[in-house]
Amino acid sequence: MLLAGCSSSSGGDGGRTAGPSVSSPPASSAPSARPKPAAGTVRVAGTLTEGLRSPWGLAELPGGDLLVSSRDERTITRVDGRTGRQTSLGKVPGVVPGGEGGLMGLAVRDGWVYAYLTAAEDNRIVRMRYGGGAGDRLGAPEPVLTGIPKGFVHNGGRIAFGPDGMLYAGTGETGRTGLAQDKGSLGGKILRMTPEGRPAPGNPFPDSVVYSYGHRNVQGLAWDGEGRLWASEFGQDTWDELNRIEPGRNYGWPEVEGRAGRAGFTDPVAQWRTEEASPSGIAHARGAVWMAGLRGERLWRIPLAGAERSGEPQAFLKGEYGRLRTVLATGDGSRMWLVTSETDTRGTPESGDDRILRLEVG
């Protein structure tokens with residue numbers, strides 16, 4: 001029963017299909033009355049590197065090189081941002097892969113590499129010293145936050161530092177739907193903490209890292225130019241979501257999925273049928289949120305005007321590179337990195353999978 005209810009989070013079993021590198025029709029849920037802004041553009045400028053196994057998290061180092069995690073191999077690899085040369089930094093101790101769990105999100109801050117991982121008893125966030133006199137070696141993991149519920153599915157996994165210097169994490173409810181509404185649980189939440197793992201100043205609930213609740217499985221976190229937080233979330237069988245996150249808000253799961261207009265719940269800014277999206281990582285660039293799709297095998301562009309959607313979502317790269325896991329804006333926002341996800345046991349790998357693509361967007 002659990003697995004049957006996770007069709008969207010599993011990303012589906014379909015292989016990649018041929019498709020043009022142009023936008024598809026708008027998402028079926030988009031209101032027709034919204035004004036249409038100028039259409040966005042995407043160009044695949046090249047492949048940075050390939051041959052990655054179950055890549056999940058991606059973080060940019062000072063200087064432009066990248067760190068990428070392997071969910072199932074438990075490794076972190078440094079990728080030269082110009083040549084694509086790969087340097088293994090080794091396995092992260094204590095990771096216990098299984099189902100949708102393993103070594104997932106990465107973030108970099110002040111000489112530390114932060115990682116969200118599945119351990120024997122829980123999901124947790126750790127940090128490891130990197131660089132300086134140690135060279136290309138990671139230090140021993142130090143716990144930042146432990147006790148995040150784990151499961152075979154819905155482990156969340158995305159972490160990122162916000163413009164306020166605090167560390168944010170998206171978690172899942174592990175298939176136990178009641179956790180999402182339980183403010184005493186770390187499952188089905190967006191968490192906000194200091195770099196050391198303590199509740200961040202100004203959090204909505206006293207002495208708690210919980211920032212928002214009522215989430216099913218948060219997979220992407222990004223901030224726009226005004227510091228507003230956006231998050232992508234797997235639905236169950238009906239609607240996947242892009243949410244504008246505000247502190248203390250209830251985003252509905254499992255009481256509602258998608259837009260409901262019910263008092264006490266915050267509706268998504270955009271929603272998609274699960275076969276069109278199964279969203280993973282997101283990034284903000286050029287006045288839009290860009291969202292990678294797993295089962296949907298496409299890159300969505302959601303144009304914004306302040307805290308609202310300003311037009312209908314556009315889809316790019318449909319079926320061309322298979323399942324898409326992580327997207328990261330870089331430089332002046334005209335370029336992005338896009339990580340494919342065909343080797344995560346749910347794709348149909350081809351020669352060269354998985355890879356990091358260079359995108360130019362407008």
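Salt bridges in a predicted model

Arg-323 forms a salt bridge with Asp-344, and their closest N and O atoms are 2.5 Å apart. A salt bridge here is a side-chain nitrogen of Lys or Arg within 4 Å of a carboxyl oxygen of Asp or Glu. Arg-323 sits in the loop between strand E22 (314-316) and strand E23 (324-330), and Asp-344 sits in the loop between E24 and E25, so the pair ties together parts that are 21 residues apart in sequence. The strands (E, at least two residues) are DSSP runs, numbered from the N terminus. Arg-323 counts as buried because its relative accessibility is 2%. Asp-344, at 2% relative accessibility, also counts as buried. Buried means under 20% relative accessible area, exposed means over 50%, and partly exposed lies in between (1.4 Å probe, protein chains only).

The model is predicted: local features need pLDDT of at least 70, side-chain atom pairs count only at pLDDT 80 or more, and totals for chains, interfaces and linings use all residues. Residues are numbered from 1 along each chain as its sequence is written, and side-chain values use heavy atoms, with hydrogens and water left out.

By the salt-bridge rule, the count comes to 15. One of these joins the side chains of Glu-50 and Arg-355, at 3.8 Å from N to O. This pair links distant parts of the chain: Glu-50 belongs to strand E1 (residues 42-50) and Arg-355 to strand E25 (residues 355-361), 305 residues apart. Glu-50 has 44% relative accessibility and therefore counts as partly exposed, whereas Arg-355, at 12%, counts as buried.

Another salt bridge brings together the side chains of Arg-346 and Glu-100, at 3.5 Å from N to O. Arg-346 lies in the loop between strand E24 (335-340) and E25, and Glu-100 lies in the loop between strand E5 (86-91) and strand E6 (103-109), so this pair ties together parts that are 246 residues apart in sequence. Arg-346 is buried, with a relative accessible area of 17%. Glu-100 is buried too, at 9%.

Thr-77 counts as buried because its relative accessibility is 13%. Leaving aside residues up to four places away in sequence, Thr-77 touches Leu-66, Leu-67 and Val-68, as well as Gln-86, Thr-87, Ser-88 and Leu-89. Contact means heavy atoms within 4.5 Å.

Key: Helices (H or I, at least four residues) and strands (E, at least two) are DSSP runs, numbered from the N terminus.
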